[in-house]
Amino acid sequence: MPVPPDQIATMLGPMRDQLAQAEADGAADAAPTDFADARAALDQMEALAAESADMGEWSQVLARDGWWQRFTDPYTRALVAVGEKKYGGAGGAGAPPDDATMLANMVGVFEQSITQLAGNPDEAHLVPVLREVVDLGKSGLSFPRFLRELELRGINQQMLGLSVQRHHLEAQAQQARDLLDPAREQMATALVAAYDGLAGRNELGVVDPLEFELARLRVEHEWAPVIARQDYVAERTPLVVFLLIDWIDAHTSWAPKDERFLGDNAAQTKENIERTQQCNPGFVRVRLDLLSEAIGLDFPALFDEPIFPQVRKNGGPYFSDERVDIARALEPACTPGASPPDDLLARAAAIGPNS
Amino acid sequence: MDERHREYVEYYRVRTAKYDGSTIYQESARTEHALLDAFEQSATLEEAAEKVTAGNLATANAIALLNDQWRARLEVYEELEETVKAEAPRQVMAAVEGVTDVVDATSRVNRVLAAGAIAETADELHRVEFVGDLAVMEQLEVYRRAEIPDRWRSLYDAEIARTEQDGREVAAEVAAKRALVPDWKLDHDELWETRHRRRIPISDDALRARIEQHRALEWG
């Protein structure tokens, strides 16, 4: 099924708008070849959508064959040509043709940004800095004095630093805390600490985005193995507990009424129960062997893992306090050919079916 | 030197001071100084502007910043043994060497980064595809190795065969949709490279066993 028109519009619409604006600004006259190339690239991207099986394939083809750049390159050249035509050639750094115009343009851009940020979740953090720029620009300073003040007051640094928001990092840590995800919580906390460390070294308390990016690379690198191990444990722990609980429950008198064992008829239900009774011990032993071989953990150790509270929270009825106690006590007895100890069976029977 | 000229000199002085002493922005510090020199050592603003244009100092400054940023990333990637990710920074710096136009430099950088992103995706796939199959491979091992009554053996042997076949079919479907890297093939040897190995949490013995199993399954 080709890519739906609304998805094509979502993907290419903004670029069509950009191109239309460039045309309105005179790009087709200033750089006819580049403008035509940009338009042709967009048309070809749209044609590729019709040839693609779905959105996923189309996105991959666009990325693989560099179609974004085939648009961006000529489009940028066309914009530059518009600018050069308008200003009669670039004046070079520090010698713009008209300081007052440059200043007014710059202030206008920031005023527009403030308007666009209305309702944005980060409005309260971003707008005060931008407002300071606008106020400074309208204070009567000359353009070079305005630029100098932006540097002296650290506003340029602050604007760069806005790309890294401390409260976003704290929110990540809180989210991981809420999800009982200790490895990701510690990683997010380390990122907050890295942020604070960089801010503390700067006299204005501003974080250089590049320095933070480098710190993030190191922190994420450090925590990647811890997270991988934690995820591995989190995924495997329930599998063993499920096998153990199903095994003991298959020996209760109410097992034939439990949805876990119900078949299409009584004979099938009986077979399901017998299969669970007879096979689960063998499965448990191999599961525990695999865990031991893979990460050197035995069954009791799983309950001491930092991720266990999350496993328990997400584990549903299998991870009630009583069932966890039963599973822990049951594991040594769950061996091929064995039956569950009577005392544990009585406790499991008292819990009743899952449904 | 008139008032406007002096104001520009003061502005470039402040900009230059920002980079002085930085360990990251060393090349930028040099090009910022070159800009400041052009303004300080000219009699008029027009002369300064001519020097900036003649020396292409603004472009040199922009490219210096690019180089500083990508050199810093390269150093961290090398330190972390991220050999594939280190390629893009190297290529960015090579691509902008000698470039005299910012638009051209941006285009070259974007091209390198787009190719780099594809190379990184292809590299990540080795681990992602393998690790994604780990849980199913372990389930197959459970069925295969478990001590169970003969009565049930054929049932689980059939389950093993079905899962293996399903895995091959899914792998073929996934491969057919992999338009970004259409010729990609899983290379199990890559899993032992530090950048991948440290993100696979199982022991060397277990990894060897699972790789052998994965190769035999032909899911990659």
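Buried area here is the accessible area (1.4 Å probe) that two parts lose on being put together, summed over both. This is a predicted model, where local features need pLDDT of at least 70 and side-chain atom pairs count only at pLDDT 80 or more, while totals for chains, interfaces and linings use all residues. Residues are numbered from 1 along each chain as its sequence is written, chains are lettered from A in the order in which they are written, and side-chain values use heavy atoms, with hydrogens and water left out.

View 1. Contact (heavy atoms within 4.5 Å) takes 4 residues from domain 1 of chain B and 4 residues from domain 2 of chain B. Together the two domains bury about 410 Å², with carbon and sulfur atoms giving 44% of that. On the domain 1 side, B:E81, B:E82 and B:V84 supply 76% of the buried area, more than any other three residues.

**View 2. Zooming in on B:E82.** Look here for the salt bridge (a side-chain nitrogen of Lys or Arg within 4 Å of a carboxyl oxygen of Asp or Glu) between B:E82 and B:R199, whose closest N and O atoms are 3.2 Å apart.

**View 3. Helix α1 of chain B.** Helices are DSSP runs (H or I, at least four residues), numbered from the N terminus. α1(B) covers residues 3-19 and reaches 25 Å from first C-alpha to last, close to the 24 Å expected at 1.5 Å a residue, counting one less than its number of residues. At its start, a side-chain oxygen of B:D2 comes within 3.3 Å of the backbone nitrogen of B:R4. After the helix comes B:G21, with a positive phi near 85°. Buried residues (under 20% relative accessible area, 1.4 Å probe, protein chains only) include B:Y8, B:Y11, B:Y12 and B:R15. Their cover includes α6 (99-116) and α8 (143-152) of chain A, along with α2, α3 and α4 of chain B.

**View 4. Where chain B meets chain A.** Here 60 residues of chain B are in contact with 58 residues of chain A, and about 5,200 Å² is buried, 59% of it from carbon and sulfur atoms. The rule finds 12 salt bridges across this interface. One of them joins A:R236 to B:E138, with the closest N and O atoms 2.8 Å apart. On the chain B side, α6(B) gives the largest share, 14 residues.

Technical notes:
Helix = DSSP H or I, 4+ residues; strand = E, 2+ residues; numbered from the N terminus. Buried < 20%, exposed > 50% of the residue type's maximum accessible area, 1.4 Å probe, protein only. Polar contact = N/O pair within 3.5 Å; in protein donor to acceptor, adjacent residues only side chain to side chain.
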